[in-house]
Amino acid sequence: MSTLTRAGTMPRPKKSQHKDRRYATFFLLPAAIGLITFYILPAMRGFYYSFTDYPVLQPAQWVGADNYTRLASDPLFWNAMWVTAYYVILNIGFQTIIAIVLAVLLQRLTQSTLIRGMALLPYFVANVVIALLWYFMMDYQMGIVNVGLDAIGLNRVAFFGESAWAIPTIAFINVWRHMGYTALLVFAGLQTINRSVYEAADIDGAGEGRKFFSITLPLLRPVLAMVLVVTVTGSFQIFDTVAITTQGGPINATRVVYYYIYDVAFGQLDFGYASAMAMVLFVLLVGISFIQLKLMRAGESDES
């Protein structure tokens, strides 16, 4: 009589398991090659270059920690970090709130796949196209937004030309583009919540607000932790919208850290110093992601 496993099923033959491993290796190999070629090896080279003086046209020369010492006293770098942090706070704050509300509305008010899919449309358009679209729409002289403000008797606004407006405007553009995608992630999390929990709350007479804050948000915590890690990391890498609209101006008001790294590397041909800034940003993002996951207890669930 054949031996059964504890679950009461026949164990899989070793030959079949070996065959499955070969198939798995075959399908994972292209992704592994891409990861090593385009991520791990460039990261290792960047780490090495961060300790060198590398003007591209000449061989790299080892300078030790000089680039990091220079970085610590570089006012433009710290200004870029502050500008980036300001952008991240605006972008993540509004994007997360709007995405949660939008996801709840899509779940409660409609079952139409078409309507739900329309929320994703801005995300499918290239970010460069979105930036150009809003750049022309918010043009001080001919943009439809300022023409509309003028028509109702309000003063025109130099959305990309005034320091106070530039970063909030860029944040608004990216919130508008990404909120549908973020809402989709939150919407997927909403589908995992057991409907019986809401039914029990209805029996107890809980209103919509009470159910949202006492049931929906707590049970969404693991999903929100993942969403925040993805969106915060992505927000720190803001580049294309700035490059298309303001090029870091006016007066460094939108010179985010990614744009500053790009300018130092390809504008000033100082790849060693740019690599040092990239390494600092990498360590910062790893630390922020770790803190987020720990504070939000991403690996735990409140659903019993």
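Visitor: What should I know before I start?
Guide: The model is predicted, so local features need pLDDT of at least 70 and side-chain atom pairs count only at pLDDT 80 or more, while totals for chains, interfaces and linings use all residues. Residues are numbered from 1 along each chain as its sequence is written, and side-chain values use heavy atoms, with hydrogens and water left out.

Visitor: How do I read a pair of packed helices?
Guide: Two packed helices are described by the angle between their axes and the distance between the axes. Helices here are DSSP runs (H or I, at least four residues; strands are E, at least two), numbered from the N terminus. Axes are lines fitted to C-alpha atoms, for helices over the stretch in contact, and angles run from 0 to 180 degrees between N-to-C directions. Take H10 (residues 208–236) and H13 (residues 271–295): their axes come within 10 Å and cross at roughly 160 degrees.

Visitor: What does that angle make H10 relative to H13?
Guide: That angle makes H10 roughly antiparallel to H13. The cut-offs are under 35 degrees for roughly parallel, over 145 for roughly antiparallel, 65 to 115 for roughly perpendicular, and oblique for the rest. The crossing of H10 past H13 is right-handed; a crossing is right-handed if the near helix is turned clockwise from the far one by less than a right angle, and left-handed if anticlockwise.

Visitor: Which residues of H10 and H13 meet?
Guide: Contact means heavy atoms within 4.5 Å. From H10 come Leu228, Val229, Val232, Thr233 and Phe236, and they meet Leu281, Leu284, Leu285, Ile288, Ser289, Gln292 and Leu293 of H13. By class, the contact of H10 with H13 has nine nonpolar, three polar and no charged residues. In this scheme Ala, Val, Leu, Ile, Met, Phe, Trp, Tyr, Cys and Pro count as nonpolar, Asp, Glu, Lys and Arg as charged, and the others, Gly among them, as polar.

Visitor: At what angle do H6 and H8 cross?
Guide: The axes of H6 (residues 127–137) and H8 (residues 163–190) cross at roughly 130 degrees and come within 11 Å. That makes H6 oblique to H8. H6 passes H8 in a right-handed crossing. Asn127, Ile130 and Trp134 of H6 make the contact with Phe172, Ile173, Asn174, Trp176 and Arg177 of H8. By class, this contact of H6 with H8 has five nonpolar, two polar and one charged residues.

Visitor: Is threonine 169 buried or exposed?
Guide: Buried means under 20% relative accessible area, exposed over 50%, and partly exposed in between (1.4 Å probe, protein chains only). Threonine 169 lies in H8 and is buried, with a relative accessible area of 4%. Leaving aside neighbours within four places in sequence, threonine 169 is in contact with Met138, Phe159 and Phe160. Proline 168 is also found in helix H8, and counts as partly exposed at 25%. Beyond four places in sequence, proline 168 is in contact with Tyr86 and Leu90. Proline 168 and tyrosine 87 are 81 residues apart in sequence, yet 7.1 Å apart C-alpha to C-alpha.

Visitor: How do I read a polar contact?
Guide: A polar contact is a pair of N or O atoms within 3.5 Å; within protein, one must be able to donate a hydrogen and the other to accept it, and residues adjacent in sequence count only if both atoms are side-chain atoms. Arginine 255, in the loop between H11 (240–245) and H12 (257–267), has its side chain in polar contact with the side chain of aspartate 263 (3.3 Å). Arginine 255 is buried, at 14% relative accessible area. Not counting residues up to four places away, arginine 255 touches Ala80, Val83, Gly248, Tyr260 and Asp263.

Visitor: Which backbone features deserve a look?
Guide: Most residues other than glycine have a negative phi, and most peptide bonds are trans. The peptide bond from glycine 249 to proline 250 is cis, with omega near -5 degrees, and proline 250 is in the loop between H11 and H12. Asparagine 252 is in that loop too, and its phi is positive, near 65 degrees. Leucine 269, in the loop between H12 and H13, has a positive phi of about 55 degrees although it is not a glycine.
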